[in-house]
Amino acid sequence: QVQLVESGGGLVQAGGSLRLSCAASGSIFSISATGWYRQAPGKLREYVAGFTSGDIISYADSVKGRFTISRDNAKNTVYLQMNSLEPEDTAVYYCYARVVTSTSPYGTVQWGAGTLVTVAS
């Protein structure tokens, strides 16, 4: 019932910026924890940034000071503002959200299909 759709990926030069969006749709009662992971080719998926269920923000050390996560609860959307992008940031970025629905009253983690960010050196 719930779908997460990322947008905003693309090709940028090193030092540039991108803003990713992830919009959740469907019969959603609430969203608690939500955020972003990324996965580069041949590497494990790694945590980037997120909100805990208590709306506490955390960032991976590799993106602190450069990325900013935010959310618009009214739109069921989470954003990732990425500044000072580096080639090492090249990856597919996936959003996730713990979503409470009528069929999942305790919440289940949903994932988007990903959006590709390529940072050229």
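This is a predicted model: local features need pLDDT of at least 70, side-chain atom pairs count only at pLDDT 80 or more; totals for chains, interfaces and linings use all residues.
The torsion about the S-S bond of C22 and C95 is about 50°, so the disulfide formed by these two residues is right-handed.

Aromatic contacts were examined next. A search of the whole structure returns four aromatic pairs. In one of these, the ring centres of Y37 and Y47 are 5.3 Å apart and the ring planes meet at 80°, so the arrangement is edge-to-face, given that planes over 60 degrees apart are classed in this way. This pair, too, links distant parts of the chain, with Y37 located in strand β4 (residues 30–39) and Y47 in strand β5 (residues 46–51), ten residues apart. With a relative accessible area of 25%, Y37 is partly exposed, and Y47 likewise counts as partly exposed, at 27% relative accessibility.

Y37 also forms an edge-to-face aromatic pair with W111, for which the centre-to-centre distance is 5.4 Å and the angle between the planes is 65°. Here the two partners are 74 residues apart, Y37 being placed in strand β4 and W111 in strand β10 (residues 108–111), so that distant parts of the chain are again linked. The relative accessible area of W111 is 38%, and this residue is therefore partly exposed, as the values for that class lie between 20% and 50%. Taken as a group, Y37, Y47, Y96 and W111 form one aromatic cluster.

Two contacts between a charged side chain and an aromatic ring complete this description. The charged end of R45 is positioned over the ring of W111, at 5.1 Å from the ring centre, and W111 is itself a member of the aromatic cluster that includes Y37. The charged end of R19, in turn, sits over the ring of Y79, where the distance to the ring centre is 4.0 Å.

Notes. Residues are numbered from 1 along each chain as its sequence is written. Side-chain values use heavy atoms; hydrogens and water are left out. A disulfide is a pair of cysteine sulfur atoms within 2.5 Å. Rings of Phe, Tyr and Trp (its six-membered ring) pair if their centres lie within 6.5 Å; planes under 30 degrees apart count as stacked, over 60 as edge-to-face and the rest as tilted. Helices (H or I, at least four residues) and strands (E, at least two) are DSSP runs, numbered from the N terminus. Buried means under 20% relative accessible area, exposed over 50%, partly exposed in between (1.4 Å probe, protein chains only). A charge sits over a ring if NZ of Lys or CZ of Arg is within 6 Å of the ring centre and within 35 degrees of the ring normal.
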